[in-house]
Amino acid sequence: MVSFNILILVALSYVAALFWVAFLAERRAAAGQAKWLHAPVIYTLSLSIYCTAWTFYGAVGYAARSGLEFVTIYLGPTLVMVGWWWLLRRLVRIGRAQRITSIADLISSRFGKSRRLGAVVTLIAVVAATPYIALQIQSVTLSLAVFADHEGAAWTDGDFARAAMWFAGGLAVFTILFGTRNLDANERHPGIVTAIAVEAVVKLFALIAVGVFVVWGLGGGPVQMMARIDAADLELWEQDTHRWFGLIFVSAAAFVCLPRMFQVMVVENDDEAQLRFASWAFPAYLLAMSLFVVPIAVVGLDLMPAGSNPDLFVLTIPLSQGANGLAMLSFLGGFSSATSMVIVATIALATMVSNHIVVPLWFALQGDQRGAMSGDVRQLTLLARRLSIAGVLALGFVYYRLSGGGTALAAIGLISFVGSVQVLPALIGGIFWRGATRPAAAAGLLTGLVVWLWSMFLPSFGPGAVIPAEVFVHGPFGIGWLRPEALFGIGGIDPLVHGILWSMLLNTAAFVGVSLVTFPSPLERLQGAQFVNVFEHTTGARTWSRPVAAAEDLLLMSQRIIGRTEAQRIFAREATRQGIPGQLPKATTDFVARLERELGGSVGAATAHAMIGQLTGGSGVSVEDLIAVADEAAQILEYSNRLEAKSAEQEATARALRDANAKLTALSIQKDAFLSQISHELRTPMTSIRSFSEILREDDLPAEDRNRYAGIILDESIRLSLLLDDLLDLSVLENGQVVLRPQTGRLSVLLDRAIAAAGVHDRNLTILRDRATEEIEITADLDRLVQVFINLISNAAKYCDAKSPALTIRVSRAKGQHRIDFLDNGIGIAAQNHELIFEKFSRLADESKAGGAGLGLAICREIMHRLHGDITYLPGTSGTAFRVSLPI
Ligand code: ATP
Ligand code: MG
């Protein structure tokens with residue numbers, strides 16, 4: 001008799017040993033010394049997680065109930081390994097090239113890196129795997145209960161719950177410890193893989209030991225055993241062919257699609273060559289695992305009392321024979337099967353849950369604050385991974401408890417498989433068919449999920465549990481063709497086959513159908529090309545030794561970079577060169593290299609290389625390439641900054657032009673005003689001359705009047721000619737055609753001349769001068785200077801409205817200038833008119849009083865500018881004041 005406590009002790013020691021193995025492997029791997037990890041035999045053994053406790057114990061029960069049907073579960077993977085290992089190799093290659101971390105990642109990555117698709121696959125995986133994890137918990141607790149029972153202490157429900165809790169909790173700790181030690185870029189777990197390889201050996205050894213014991217110890221050798229099998233009451237050969245095909249298909253597909261299988265087969269793989277070895281070694285392992293199933297079943301049925309659970313024969317036969325050591329070994333075998341499956345499944349699911357649900361959700365809730373995130377992401381991901389591991393195991397535990405741990409659970413193994421297999425169409429389509437699109441993948445997955453839930457998963461709880469009993473008979477809302485186990489009114493099929501058939505059929509139909517009516521986005525096309533052409537990838541070389549991108553893809557990309565017409569021109573030219581009609585030349589090495597240079601002109605050489613690399617083979621993009629791309633991006637940024645600066649400059653120019661234009665418009669308006677002003681100025685004297693001339697023609701005019709009129713005509717003519725002189729003068733001055741005659745003279749003399757010419761005596765203007773200051777020599781065009789003085793003096797005479805008008809002329813010198821100021825004692829000129837009076841035709845007093853055209857000061861300013869001096873209004877005096885300044 002074996003003590004239950006010893007069993008617990010052995011189990012704990014075994015777990016401790018696994019810890020030690022995992023720890024050691026982890027340390028060796030970190031030090032780069034874990035050579036054995038690359039051994040194909042380790043890889044093959046890690047694949048053995050396919051054989052769970054359900055297989056270890058359940059296969060015998062399966063055989064006892066349904067004969068050879070259990071073989072299908074081994075046949076599926078064998079067929080994949082032997083016949084389809086090229087498909088696995090493709091998956092492994094893609095996994096490596098794309099740094100895939102899970103099957104959800106693969107699907108999401110293939111279909112344009114869609115987050116939602118990743119979440120959907122994760123959801124399916126969790127829903128399908130949870131019952132399976134519960135199944136493992138159940139088998140471990142059951143096997144423990146067998147020992148307790150054997151000792152005479154029958155387990156209560158509380159005992160089961162406690163055992164399940166310890167088991168799930170312990171696994172959570174182990175998985176968190178070795179599954180989330182680091183966020184390896186490749187998501188490899190050397191510690192866990194090594195521990196699992198050890199467990200694979202233990203479970204195979206245990207099962208063979210029990211088999212040998214049964215065949216040679218109890219059955220009397222192989223020959224007698226064969227006879228017993230023949231005589232047994234097993235319906236070995238009476239098989240339902242539909243079920244056979246269905247089961248082989250599902251187990252083959254599950255072997256590829258199960259998240260845990262994907263984890264060991266693709267994610268943990270580090271050398272494709274391992275697959276070649278596994279392609280025969282793993283089927284051999286499966287054969288060894290199944291070799292003794294039938295003998296154990298036959299002997300168990302003979303030996304054990306009627307009604308004992310055939311699922312536990314592997315354990316109960318040795319126990320009943322008093323082979324306690326063997327029973328213990330058998331327990332460890334089952335324990336190994338359960339733990340290895342749960343650990344890997346949990347890691348795979350947790351990776352998916354945290355990468356595709358928790359982290360995206362967290363980012364969405366955070367709002368996009370990427371800048372502050374970069375440091376935290378690692379910690380966040382690790383935390384999410386750990387929480388997900390605990391969550392997945394908790395889910396398995398809860399499911400185990402809620403389902404009651406009975407036979408309902410045992411039935412769910414295959415149903416679980418069918419759920420996982422819903423990923424198959426998207427997976428196969430994704431890696432072989434470039435036309436497959438994201439909406440199609442989503443449609444297929446969701447269709448498959450719904451059909452599976454409705455026709456298999458929910459009914460598995462039995463009529464009335466989740467789906468009411470009458471729905472099974474009449475369908476939901478009385479819709480007959482929606483009956484869960486007779487969809488579309490086709491009943492009478494085995495429920496398993498029915499579920500496989502419809503879920504896969506509708507799933508595939510939705511996937512293919514939607515793919516045909518939708519068009520892949522550019523990113524999907526890129527990813528699709530990479531996945532489908534994964535084997536044609538070149539390795540990192542700067543030249544494209546084997547370009548395989550379709551010219552169509554290259555054209556599409558080129559159009560986006562250098563524009564439609566330019567791209568089409570290049571392609572058409574190449575097509576002509578190659579002698580191919582139309583626009584699509586062959587993507588020869590030469591052409592691709594040339595195209596790369598061409599694109600490089602627009603986006604930079606590294607970027608062009610990387611982009612073409614995307615199309616012709618992803619492994620061409622190295623870290624150096626990426627750095628080069630970053631450099632180019634910086635250059636482009638700088639270039640765009642320069643462009644921006646230039647455009648700012650142009651804006652300034654445009655503004656200047658606008659201003660100039662506004663000035664011109666204003667000038668043109670001024671010119672019009674000037675012309676109308678001139679005509680007005682000319683017409684006034686002309687009118688009086690004409691009318692008085694007409695009066696003069698009358699014969700009977702008194703001589704006195706005649707004289708007067710003739711005088712007026714004379715005055716007006718003089719005014720007119722003066723005006724014309726002034727205008728002519730001004731125009732000559734403004735055009736710069738004036739010829740200056742520099743002379744030297746004394747200022748006092750010049751002023752004398754000016755006063756005389758201005759005729760101030762008639763107007764009784766007093767002139768105040770300081771002759772001493774005026775005794776200076778001046779060199780300039782003296783006639784012109786006098787002209788200025790005359791105007792200033794005559795203006796004072798005309799406009800000074802003081803009672804006794806006086807003009808002070810003050811001479812000084814400062815800042816290298818002679819200054820001659822003219823100050824009168826009138827009321828002065830308002831500040832806003834100081835500049836205005838220098839304009840042509842500007843007069844402040846009314847015309848009649850002024851008696852001038854208003855050109856005087858304008859001419860003065862022109863003259864002074866010609867003489868390199870100036871004339872300004874001098875503010876701050878009580879009367880009117882002008883200052884004439886001349887360089888010395
Ligand atoms: P023109 O000189 O062509 O015969 P004008 O004397 O009227 O005509 P400006 O010499 O250019 O023209 O003078 C412009 C205006 O400035 C005058 O019409 C007058 O209103 C004002 N002005 C000039 N000098 C004085 C002054 N000393 N006192 C008051 N107003 C003055
Ligand atoms: Mg004047």
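Is Asp705 buried, partly exposed or exposed? In this predicted model, Asp705 is partly exposed, its relative accessible area being 22%, and its side chain meets that of Arg708 in a salt bridge with an N to O distance of 3.9 Å. Both residues belong to helix H31 (residues 703-735), where, being 3 residues apart, they are separated by about one helical turn. Arg708 is likewise partly exposed, with a relative accessible area of 48%.

| Salt bridge | N to O distance |
|---|---|
| Asp705 and Arg708 | 3.9 Å |
| Arg769 and Asp752 | 2.5 Å |
| Arg810 and Asp821 | 3.4 Å |

Arg810 lies in strand S4 (residues 806-814) and Asp821 in strand S5 (residues 817-824), so this pair ties together parts that are 11 residues apart in sequence. Asp821 is buried, with a relative accessible area of 1%, whereas Arg810, at 43% relative accessibility, counts as partly exposed. Elsewhere, Asp752, Arg769, Arg771 and Glu774 are joined into one network by salt bridges that share partners.

Helix H7 (residues 103-110) and helix H8 (residues 115-150) pack at an angle of about 150 degrees, with their axes 8 Å apart, which makes H7 roughly antiparallel to H8. Ile103, Ala104, Ile107 and Ser108 in H7 meet Leu117, Gly118, Val121 and Thr122 in H8, and by class this contact has 5 nonpolar, 3 polar and no charged residues.

Methods:
Residues are numbered from 1 along each chain as its sequence is written. Chains are lettered from A and ligands numbered from 1 in the order in which they are written. This is a predicted model: local features need pLDDT of at least 70, side-chain atom pairs count only at pLDDT 80 or more; totals for chains, interfaces and linings use all residues. Side-chain values use heavy atoms; hydrogens and water are left out. Axes are lines fitted to C-alpha atoms, for helices over the stretch in contact, and angles run from 0 to 180 degrees between N-to-C directions. Helices (H or I, at least four residues) and strands (E, at least two) are DSSP runs, numbered from the N terminus. Angles under 35 degrees count as roughly parallel, over 145 as roughly antiparallel, 65 to 115 as roughly perpendicular and the rest as oblique. Contact means heavy atoms within 4.5 Å. Ala, Val, Leu, Ile, Met, Phe, Trp, Tyr, Cys and Pro count as nonpolar, Asp, Glu, Lys and Arg as charged, and the others, Gly among them, as polar. A salt bridge is a side-chain nitrogen of Lys or Arg within 4 Å of a carboxyl oxygen of Asp or Glu. Buried means under 20% relative accessible area, exposed over 50%, partly exposed in between (1.4 Å probe, protein chains only).
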